[in-house]
Amino acid sequence: MNPQIETLLPEPAPATPVEDIPSTVQALRATFDTGKTRPAAFRRRQLEALRRMLVERERELAEALYVDLRKCETEAYATEIGFTANEIGYTLKHLDRWMQPRRVRTSLTAMPGRSEIHREPLGVVLIIGAWNYPVHLTLAPLIGALAAGNCVVLKPSEVAERTSSALARWLPKYLDPTCVKVVEGGVRETTVLLEQRFDHIFYTGNGKVGRIVMRAAAEHLTPVTLELGGKSPCIVDESADLDAAARRIAWAKFLNAGQTCVAPDYVLVTDAAHDALVHRVSAAIRSMYGDDPQQSPDYPRIVNERHLDRLAGLLGEGTLVCGGEVDRGDRYIAPTVLKDVPRDAAIMQDEIFGPILPVLRVADTDAATRFVNDRPKPLALYVFSTDARTQDRVLAQTSSGGAAVNHCILQLGVEDLPFGGVGESGMGAYHGERSFLTFTHQKAVLRKPKSMDPPMLFPPFTALKKRLIKTLL
Ligand code: NAD
């Protein structure tokens with residue numbers, strides 16, 4: 001760890017006192033009830049202030065990300081700070097249109113009349129962030145919640161404690177503190193938060209806690225968005241451009257040292273391409289991080305010793321192609337590739353969430369899709385093939401939150417693509433307009449003229465009325 005940077009940051013603050021949590025949520029509800037957050041101009045000002053915070057506090061946020069995860073400045077900007085600022089720009093550009101009521105056709109039975117869908121804020125929402133992209137995963141849902149006109153409780157992950165502190169310190173100085181509150185803490189504070197009534201809960205993290213969140217939400221009939229994870233497969237066949245595939249897979253896997261929810265978890269490669277791909281992935285790692293990745297300024301660290309020990313425990317099975325070094329004091333695990341990994345190996349059970357890439361042989365892409373379909377639905381699926389029929393068959397035969405063909409992860413950066421899971425990888429989605437809609441109620445409104453009722457609506461139902469109703473419905 002770089003001691004110079006460590007000293008620039010203030011010490012992390014203590015967790016929010018749990019006894020303050022109920023009144024914090026009540027205060028937000030009182031604010032929401034005033035209608036303050038509804039006008040477009042207010043929403044814009046909040047979003048602009050959030051963007052200003054990202055620009056003016058970029059250095060402090062980048063330093064916090066460095067201390068928490070040893071993210072280099074470029075990665076911190078590209079995947080967190082700049083990425084989030086970009087999402088704000090996109091939201092500001094489209095907000096007026098998103099807020100407009102939608103006119104829809106009025107059916108014959110409701111004529112004469114005018115039918116509209118009104119997009120109204122939900123109220124007070126809770127956003128629970130995860131540690132691996134602690135700026136982006138906390139603020140990207142916040143953008144949607146603010147754009148939609150809600151009040152928000154934000155609970156950053158305590159695991160990335162410096163980033164949590166930086167957000168808790170700066171958000172109240174930029175955003176209206178009567179509309180957005182940051183609650184810091186871990187299980188104890190989140191448990192008390194989950195006892196409160198919210199109008200939506202947006203959770204990012206693992207499925208075990210996702211179930212806790214959903215159970216707590218059920219008490220108040222609160223809808224949830226669960227952004228979870230899973231083992232995202234990467235399927236490669238012999239028609240693929242193996243140089244490009246290896247480079248893209250290595251980049252996506254070792255970005256943030258594998259601690260990315262949509263990182264390729266493992267590779268299924270056809271026999272004919274296996275050896276060439278394995279060789280090229282090792283070469284790609286060397287070209288990105290050098291012969292000793294521990295010395296590379298661009299290679300992050302594992303978030304804490306608990307996760308490091310978990311990952312080190314997965315290294316026993318399969319043949320080591322490259323990597324494998326672990327330095328606990330430095331929270332370092334080398335970018336590692338394993339081949340000949342048994343299908344029942346520990347590393348093939350749960351999401352790896354670290355810099356270890358198992359490569360498994362398959363006879364063909366149909367065998368690969370069978371392998372994928374025998375497991376829970378993943379958050380992402382990647383297919384590398386130049387054969388359009390293979391691409392389509394893999395996409396049609398599998399189900400995943402999202403997918404990319406001939407690349408990995410970049411589907412996330414397309415604002416118009418919803419980002420979310422399916423089955424075990426989550427429910428609901430966000431990004432772009434989907435973020436706005438996640439925090440919006442779409443209210444059905446029918447406007448009728450003050451009189452003019454078709455007589456068949458009302459009893460007594462004469463034979464003529466019955467005939468008319470049967471003709472019309
Ligand atoms: P984490 O440890 O930061 O936990 C997430 C949040 O849950 C934190 O804010 C934490 O305080 C809270 N929490 C933890 N235990 C709790 C409990 N018992 N009760 C209530 N709240 C509790 O993050 P994590 O779970 O280690 O994150 C990694 C997982 O998240 C991986 O599975 C990854 O794939 C997934 N993930 C998904 C996305 C996505 O966008 N779909 C993004 C990032 C991570």
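**A walk through loops, a sheet and a helix pair**

P460 sits in the loop that runs between β18 (440–447) and α16 (463–472). Those labels come from DSSP runs (helices are H or I with at least four residues, strands are E with at least two), numbered from the N terminus. The peptide bond joining P459 and P460 is cis, with omega about 0 degrees.

Before we go on, a quick word on what you're looking at: this is a predicted model, where local features need pLDDT of at least 70 and side-chain atom pairs count only at pLDDT 80 or more, while totals for chains, interfaces and linings use all residues. Residues are numbered from 1 along each chain as its sequence is written, and side-chain values use heavy atoms, with hydrogens and water left out.

There's another cis peptide bond between M111 and P112, with omega about -10 degrees. Look for P112 in the loop between β1 (102–104) and β2 (114–121). These two strands pair in the antiparallel sense over three bridges, and DSSP must find at least two bridges for strands to count as paired. V104 stands opposite S115 in β2.

Now bring β18 back in. Three strands form an open, antiparallel sheet in the order β1-β2-β18. β1 and β18 stand at the edges with a single partner strand each, so one side of each has no neighbour in the sheet. Ignoring direction, neighbouring strands here are turned by 30 degrees against each other on average.

Next, the helices. The axes of α10 (residues 242–254) and α11 (residues 271–289) come within 8 Å and cross at roughly 55 degrees. That makes α10 oblique to α11, because angles under 35 degrees count as roughly parallel, over 145 as roughly antiparallel, 65 to 115 as roughly perpendicular and the rest as oblique. The axes are lines fitted to C-alpha atoms, for helices over the stretch in contact, and angles run from 0 to 180 degrees between N-to-C directions. Contact itself means heavy atoms within 4.5 Å. Residues making it include W251 and F254 of α10 and L277 and I285 of α11.

Follow the chain past α10 and you reach N256, in the loop between α10 and β9 (266–270). Which of the two is buried or exposed? N256 is buried, with a relative accessible area of 0%, whereas L221 is exposed at 77%. Buried means under 20%, exposed over 50%, and partly exposed in between (1.4 Å probe, protein chains only).
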